[in-house]
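Colleague: I would like to learn how to read side-chain packing from a set of coordinates. Could we work through a case?

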Amino acid sequence: MITRLWLSLLRINAIIGKELRQLSRDRITFGMIVMIPLIQLLLFGYAINTNVRNVPTAIVDQSHSATGRMLVESIKATQVVDVIASYATPQQGQQAIMDGKVKAVLVLPSDFQRRIDQQQVIGQWLVDGSDALISSTIMQLQKMPLTEVIPQRKAQPNNFEVTLYFNPERRSAINIIPGLLGIILTMTMILFTSVTIVREREQGNLELLITTPIQPLELMLAKITPYIFIGIIQSIIILGLGYVIFDVPINGSLVQIFLGTVLFILASLTLGLVISTKATTQLQAMQMTIFILLPSILLSGFMFPYEGMPVVAQWIAEVLPTTHFIRIIRGIVLRGADLVDLWRDTLWLVIFTIIGLIIASIRFKKTLD
């Protein structure tokens with residue numbers, strides 16, 4: 001009995017050793033073992049910050065008074081807002097919000113001093129309400145004490161009026177549903193294509209492709225084309241159900257939504273192709289997809305405001321296609337913007353797609369060689 005138990009332990013130990021050696025040789029899997037928890041720790045512990053800071057803000061100071069300037073400096077000192085522009089009229093500030101240039105505008109009217117003397121509401125916040133966290137943070141500023149800036153000002157429950165654009169009811173679904181489209185497309189498009197070349201290799205079809213006259217770029221384009229239609233179907237389902245079930249308004253052009261979505265689908269598919277040319281097994285491809293998916297969820301502005309992230313996290317977020325698409329889809333769907341207004345994000349998706357196709361084609365050519 002003891003002998004059989006001892007032999008069983010020896011066999012188990014041999015398999016354990018084999019698995020450990022196999023893991024040590026599989027550099028990608030071994031790297032994921034270390035990198036995934038490390039990245040999660042850094043993202044949740046350092047990059048993710050629900051305390052919104054540095055909200056891009058504009059000022060419309062029609063009072064042209066020393067008290068008004070002191071008030072603006074006092075609001076800046078809270079570090080909640082980052083004043084990046086000033087406008088002459090509230091209409092210009094409103095347009096800046098529509099164009100996505102700022103998230104909030106503080107308006108100090110021409111009768112600012114009279115309002116102070118009569119203990120009235122002294123100004124107005126115009127706020128992009130599509131992001132519930134940002135709008136809630138700005139709304140807290142309407143109650144900030146002003147006795148240090150304006151000694152004659154009595155304590156009031158509200159010092160400012162607040163006008164919320166795009167989501168006056170502050171419903172979270174208005175902000176979540178368009179962003180969710182970006183996350184779902186990121187997950188499915190990258191995952192689908194990340195296993196495509198690996199699957200050909202594992203099934204023995206890669207040798208057959210080598211004997212055909214097809215060029216690497218032609219193969220890449222052929223591989224991603226069917227998934228473009230899948231991505232479009234997913235987009236229709238998500239936005240359609242969001243409109244019907246959650247009453248998410250679609251204020252922009254359907255053509256603009258279609259074009260922006262196709263650009264993002266292409267960028268995601270080419271990223272999946274690059275992963276596919278790097279991974280040696282489908283498991284590795286899935287692991288690398290998770291490696292991309294986690295930052296896409298946490299850093300893109302889907303769950304946490306981009307403005308609240310450290311600068312390094314913002315740099316990483318700017319590389320990710322999801323960050324740019326979420327800006328595009330929220331801009332078109334909620335604000336009625338178009339791709340011309342969002343040209344920086346649109347241009348990055350185009351550049352990312354071209355670079356991704358080139359890299360995938362070169363790497364696949366090396367695989368054939």
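**Aromatic pairs and nonpolar cores**

Modeller: Phe 325 counts as buried, at 0% relative accessibility. Keep in mind that this is a predicted model.

Colleague: How is a pair of aromatic rings described?

Modeller: The description uses the distance of the centres and the angle of the planes. Here Phe 325 pairs with Phe 264 in a stacked arrangement, with 4.4 Å centre to centre and 10° between the planes. Phe 264 is likewise buried, its relative accessible area being 0%. The structure holds five aromatic pairs.

Colleague: Which parts does the pair of Phe 264 and Phe 325 tie together?

Modeller: Phe 264 belongs to helix 11 and Phe 325 to helix 14, so the pair links parts 61 residues apart in sequence.

Colleague: Where do nonpolar side chains tend to be in soluble globular proteins?

Modeller: They tend to be buried together. In this model the largest nonpolar core has 47 residues, and those touching the most other members are Leu 181, Leu 185, Met 220, Ile 265, Leu 269 and Ile 329. Helices that each supply at least two residues include helix 7 (172-194), helix 10 (216-245) and helix 14 (321-335). Helix 11 gives the most, with 10 residues.

Colleague: Which residues is Ile 265 in contact with, leaving aside its neighbours within four places in sequence?

Modeller: Ile 265 then contacts Leu 185, Met 189, Tyr 227, Ile 228, Gly 231 and Ile 232. A second, separate core has 25 residues, among them Phe 112, Trp 125, Ile 138 and Ile 150.

Colleague: Which residue lies over the face of Tyr 306?

Modeller: Arg 327 does, at 4.9 Å from the ring centre.

Methods. Residues numbered from 1 in each chain as written. Predicted model: local features only at pLDDT ≥ 70, side-chain atom pairs only at ≥ 80, totals over all residues. Heavy atoms only, no water. Core = buried A, V, L, I, M, F, W, Y, C linked by side-chain atoms within 4.5 Å. Buried < 20%, exposed > 50% of the residue type's maximum accessible area, 1.4 Å probe, protein only. Helix = DSSP H or I, 4+ residues; strand = E, 2+ residues; numbered from the N terminus. Contact = heavy atoms within 4.5 Å. Phe/Tyr/Trp six-rings, centres within 6.5 Å; stacked < 30°, edge-to-face > 60°. Lys NZ or Arg CZ within 6 Å of the ring centre and 35° of its normal.
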